[in-house]
Amino acid sequence: DDTSNADNTATFPIPFEISFSNVNQFSFNIEHLENFIEETSSFFQVEHDDIMVSFIKEINSYIDIGFTISVTTFDDEHRIRNKDIGVYRTFLMNSNSFPNVIGIESKYESCSNGKYSTF
């Protein structure tokens, strides 16, 4: 009986926020959400189920989307956090299936009082 290998895993949610211009919440959900999950999964090399959209907020002619990428190892957490956000933005824009990305940032804070340590 090997109980030392019990399924004791931790999940590390890595929060991000991205903004798209010239789109509203409804049209993004209908026309772009599935592709957003697909492209994000591809870029970060994670499963679709590891990406969770926390919120979509419409502000005038753009939307903000909060999402997390969940990983189960410190190595994966480090790999995701060290991805170049500018390259991710270019990756999304080159897919030709999204509105213009006007902002993206990691919402991770290294301390427990981080602004978006969890959504």
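The entries below go from the whole chain to single residues.

**Entry 1: ground rules.** I noted that this is a predicted model, in which local features need pLDDT of at least 70, side-chain atom pairs count only at pLDDT 80 or more, and totals for chains, interfaces and linings use all residues. Residues are numbered from 1 along each chain as its sequence is written, and side-chain values use heavy atoms, with hydrogens and water left out.

**Entry 2: the whole chain.** I found 4 helices and 4 strands, taken as DSSP runs numbered from the N terminus (helices H or I, at least four residues; strands E, at least two). Their order from the N terminus is β-α-α-β-β-α-α-β. Of the 119 residues, 35% are buried; buried means under 20% relative accessible area, exposed over 50%, and partly exposed in between (1.4 Å probe, protein chains only). I then looked at contacts, which are heavy atoms within 4.5 Å. Among contacts with a separation of 6 or more, 71% join residues 24 or more positions apart. The chain exposes about 7300 Å², and carbon and sulfur atoms supply 44% of that area, by the Shrake-Rupley method with a 1.4 Å probe, where for residues only the protein chains shown count as cover.

**Entry 3: the core.** I looked up the largest nonpolar core, which has 26 residues. Such a core is a set of buried Ala, Val, Leu, Ile, Met, Phe, Trp, Tyr and Cys residues joined through side-chain atoms within 4.5 Å. Ile18, Phe20, Phe36, Ile69 and Tyr88 touch the most other members. At least two residues of this core come from each of β1, α2, β2 (51-59), β3, α4 and β4. Leaving out residues up to four places away in sequence, tyrosine 88 touches Ile18, Phe36, Thr40, Phe43, Phe44, Phe67 and Ile104.

**Entry 4: helix α4.** In α4 (residues 85-94), I found Ile85, Tyr88 and Leu92 buried. Seen down the axis, the buried residues of α4 fall within an arc of 55°, so they line one face of the helix; the arc is that of the directions from the helix axis to the C-beta atoms. They pack against β1 (12-21), α2 (33-44), β3 (62-71) and β4 (101-106). Aspartate 84 caps the N-terminal end of α4, with a side-chain oxygen 2.7 Å from the backbone nitrogen of glycine 86. Just after α4, asparagine 96 has a positive phi of about 60°.

**Entry 5: salt bridges.** How many salt bridges does the structure hold? I counted 2, a salt bridge being a side-chain nitrogen of Lys or Arg within 4 Å of a carboxyl oxygen of Asp or Glu. One joins arginine 79 to aspartate 76, with the closest N and O atoms 3.7 Å apart. Both residues lie in helix α3 (residues 74-81), 3 residues apart. Arginine 79 is partly exposed at 26%, and aspartate 76 is partly exposed at 27%. Glutamate 77 pairs with arginine 81, the closest N and O atoms being 2.9 Å apart. These two are 4 residues apart in α3, about one helical turn. Glutamate 77 is buried at 15%, whereas arginine 81 is partly exposed at 24%.

**Entry 6: two loop residues.** Asparagine 22 has a positive phi near 55°. I placed asparagine 22 in the loop between β1 and α1 (25-31), exposed at 67%. Glutamine 45 also has a positive phi, of about 55°. Glutamine 45 lies in the loop between α2 and β2 and is exposed at 57%.

How values were computed
Polar contact = N/O pair within 3.5 Å; in protein donor to acceptor, adjacent residues only side chain to side chain.
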